[in-house]
Amino acid sequence: NIAGGGAARSSIVSRAFMRAFALLLLALLQSPCSCAGVRGARKRARRDAEEIAAAAAAGESLDPLGYYRYSWRPPADECGTEMHADYDGTRAWNWGLDPSQHVATAAECCAKCRAHVKCNSWVFCPEEVCFAPDAHKHTRGECWMKDQRDPASPSVNMRGAYTSKYRARPGHHHAPPMVHWVSGTVRLKRAATNGTWSGRAVW
């Protein structure tokens with residue numbers, strides 16, 4: 001699981017790791033060297049240390065590369081709805097960009113997925129334009145019906161808030177504060193967990 005599926009021990013270890021990593025970054029900031037390369041490293045280390053400290057203070061988690069800040073809780077509805085999340089999948093059962101596939105709400109997208117015998121994961125765009133690091137313009141109403149190997153442990157592309165480290169990457173400076181998308185899973189055979197990061201999480 002991304003953060004141990006909510007287990008207390010994993011949460012404690014995660015917070016301890018974040019504090020230790022922050023201390024390591026602070027040690028780098030105090031290095032006496034003033035060469036340009038080290039100054040750049042110090043700036044990045046200061047940024048990362050501040051992000052880690054802010055996440056820890058808010059009781060949030062960071063993904064392994066420090067691109068997303070999030071706080072996961074088990075879904076409270078039959079659609080497995082998670083706000084500010086974009087789920088991946090092994091395949092898509094429809095082309096969500098097609099206007100004929102658009103729906104008005106996340107609930108309708110979920111219902112559309114539940115009506116498709118092979119769909120167990122859905123992704124909905126609730127904004128006029130939903131940010132994604134790809135070549136397409138994603139607009140309100142897109143409803144992607146997908147397949148997850150295990151819908152109880154979804155493959156996650158993006159989740160929560162984008163960090164300053166994410167925005168510092170080429171082509172990502174215009175990312176919004178939070179992930180625009182809404183996602184969910186259905187047809188679970190066991191209790192939901194917070195899943196795993198997909199390969200697209202590093203796009």
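The lining of the largest cavity comprises three nonpolar, one polar and two charged residues. Here Ala, Val, Leu, Ile, Met, Phe, Trp, Tyr, Cys and Pro count as nonpolar, Asp, Glu, Lys and Arg as charged, and the others, Gly among them, as polar. The model is predicted, so to speak of local features requires pLDDT of at least 70 and side-chain atom pairs count only at pLDDT 80 or more, while totals for chains, interfaces and linings use all residues. Residues are numbered from 1 along each chain as its sequence is written, and side-chain values use heavy atoms, with hydrogens and water left out.

Which residues line the largest cavity? They are D86, P133, N157, M158, R200 and W203, each with an atom within 4 Å of a cavity point; such points lie on a 1 Å grid over the protein atoms alone, where a 1.4 Å probe fits but cannot get out. The space inside is about 30 Å³, a volume being that filled by probe spheres set on points joined across faces, edges and corners.

I turn to strand β12, residues 182-185. Strands are DSSP runs of E, at least two residues, numbered from the N terminus. On one side V182 and G184 are buried, and on the other S183 and T185 are too; buried means under 20% relative accessible area with a 1.4 Å probe, protein chains only. β12 pairs antiparallel with β3 (residues 82-83) over two bridges, pairing requiring at least two DSSP bridges. E82 has S183 as its bridge partner. Four bridges join β12 to antiparallel β6 (residues 121-124), where F124 partners V182.

Note on methods
On a 1 Å grid over the protein atoms alone, a cavity is a set of points where a 1.4 Å probe fits but cannot get out, and a pocket is an open set with protein on both sides within 12 Å along at least five of seven lines; lining residues have an atom within 4 Å of a point. Buried means under 20% relative accessible area, exposed over 50%, partly exposed in between (1.4 Å probe, protein chains only).
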